[in-house]
Amino acid sequence: MINYLLRHIYFSSIFFDYLIRIGSALYDYLVSFSIIIESLVAIRIFEFIILRQLKIWIEKKKIVVGSFIILSIEKFFIPILYFYAFYFGFTYLNLNPLVTNISHSVIVVVVTYFIVRFIIALTNYVFKYYWEKRFGAEESVRNLKGISTIVNIVLWGLGIVFLLDNLEFKVSAILAGLGVGGVAVAFAAQAVLGDFFSYFIIFFDRPFQIGDFIAVDNKMGTVESIGVKTTRILSVDGEEIVFPNALLTNSRIHNYKNMVKKRMLFRIGMPSQTPLQKLKEIPGIIKNIIEGVDGTMFERVHFQSYGYVGLIFEISYYITGASIPKHMDIQQIINFRIYEEFESRGIERPVLLKLYS
């Protein structure tokens, strides 16, 4: 009888212990579920009430960065809050250590991903805002492509290092190996790195930009694109010329975009037998011709010297504007009118010796 009672008490204690464990586990699951539900409700309240009021307040105050703030909260921080809601709910449970480690790794990856994306968006926004304020929206789009790529690569690299460090990888050993390898790569790719740093010089110092007409050494053309390593120019002859960025920063560049006026200098040779009276008329004739052409500013015309081909006159004037085709069109008009005027006055036609522009 006593053995029966002892056995009954023993099995009863096991049964009640089992019920207590089930009840405890059920309680933990209920608490975990309530944490998740309450967190989700709080996030939704934040979205539909606080965030909406914040939008209205920003629109009312006309805050410049308001749209970026709202977009960042909706696109980057709200998703993080949703992940954390589930993460905190699951961490309340007494889960298997492997499951706990996996959930921790997942939340680290998710948070790192959204934070890096936010920093990239913030950096691009700052560059874009600065560029639009200084040079306009069109120039911002043109010039930010290359720098955005570089910023993305650098920030994603830093994000991966941060992620590996939080996942308990030996980042110091990896960085030490990369440092030694980086030195070797730097020596092997000095030209590439030179072009890379020259890109930053072009980006920030802005000796030229896309659409500018420039001359480098004896090559002239319109800048089509500015890349991380090379700059492409469409020459006046029609072919595309690819310049390494380092060559451009080390060369003398003539940028015609902001040129207010350009000095044109040319010489003509008159036959030696031209009568003196006709020679004396030439400076006045040429002056009247140049002053009669729109877009020109007459400077001088002189009987300069005696040459092998005849009597040399030197003419100088200015053309307003920066268009090379316009310069040549005006010079052509002047040449035609000189020829016509000399022919009508019975003066032998001149010979153009050289045009200096």
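The following legends describe an overview and several close-up views of a predicted model.

**Figure 1. Overview of the protein.** The model, which is predicted, contains nine helices and nine strands. Of the 357 residues of the protein, 30% count as buried. The protein exposes about 22900 Å², and carbon and sulfur atoms supply 64% of that area. Among contacts with a separation of 6 or more, 65% involve residues 24 or more positions apart.

Figure 2. With a relative accessible area of 48%, Ile50 is partly exposed.

Figure 3. Tyr87 is found in helix H2, formed by residues 66-91. Leaving aside residues up to four places away in sequence, Tyr87 touches Ser103, His104 and Ile107. Tyr87 and Ser103 are 16 residues apart along the chain, and 7.2 Å separates their C-alpha atoms.

**Figure 4. The open sheet of five strands.** Five strands, in the order S4-S3-S2-S1-S5, form an open sheet with antiparallel pairing. Strand S4 (240-244) and strand S5 (253-255) are at the edges; each has a single partner strand, so one side of each is left without a neighbour in the sheet. From one strand to the next, the twist averages 40°. In general, the strands of a sheet pair through backbone hydrogen bonds, in either a parallel or an antiparallel manner.

**Figure 5. Strands S1 and S2 and the loop between them.** Strand S1 (residues 213-216) and strand S2 (residues 219-226) run antiparallel and are joined by four bridges. Phe213 has Thr222 in S2 as its bridge partner. Asp217 is placed in the loop between S1 and S2. The phi of Asp217 is positive, about 55°, although this residue is not a glycine. Most residues other than glycine have a negative phi. Asp217 is exposed, its relative accessible area being 61%.

**Figure 6. The salt bridge between Glu240 and Arg232.** The side chains of Glu240 and Arg232 meet in a salt bridge, with an N to O distance of 3.3 Å. Glu240 is partly exposed at a relative accessible area of 43%, and Arg232 is also partly exposed, with a value of 33%. Side chains of opposite charge can pair when their charged atoms come close.

**Figure 7. Strand S6 and its pairing with strand S8.** Strand S6, made of residues 261-270, is mostly covered, with seven of its ten residues buried. Ten bridges pair S6 with strand S8 (residues 310-320) in the antiparallel sense. Within this pairing, the bridge partner of Phe266 is Ile315 in S8. In a regular strand, the side chains alternate between the two faces of the sheet.

**Figure 8. The salt bridge between Glu299 and Arg263.** Glu299 and Arg263 form a salt bridge in which the closest N and O atoms are 3.1 Å apart. The pair links distant parts of the chain, as Glu299 belongs to strand S7 (residues 296-307) and Arg263 to strand S6, 36 residues apart. Glu299 is partly exposed, with a relative accessible area of 35%. Arg263 likewise counts as partly exposed, at 34% relative accessibility.

**Figure 9. The salt bridge between Glu281 and Arg345.** In the salt bridge of Glu281 with Arg345, the closest N and O atoms are 3.9 Å apart. Glu281 lies in helix H8 (residues 276-291), while Arg345 lies in the loop between helix H9 (324-344) and strand S9 (351-356), so the pair ties together parts that are 64 residues apart in sequence. Glu281 is partly exposed, with a relative accessible area of 25%, and Arg345 counts as partly exposed at 38% relative accessibility.

**Figure 10. A network of salt bridges.** Three residues, Arg267, Arg300 and Glu314, are linked in a network of salt bridges.

Notes: Residues numbered from 1 in each chain as written. Predicted model: local features only at pLDDT ≥ 70, side-chain atom pairs only at ≥ 80, totals over all residues. Heavy atoms only, no water. Buried < 20%, exposed > 50% of the residue type's maximum accessible area, 1.4 Å probe, protein only. Pairing = 2+ DSSP bridges. Helix = DSSP H or I, 4+ residues; strand = E, 2+ residues; numbered from the N terminus. Axes fitted to C-alpha atoms, helices over the stretch in contact; angles between N-to-C directions. Contact = heavy atoms within 4.5 Å. Areas by Shrake-Rupley, 256 points an atom, 1.4 Å probe, with all protein chains shown as cover. Salt bridge = Lys/Arg side-chain N within 4 Å of Asp/Glu carboxyl O.
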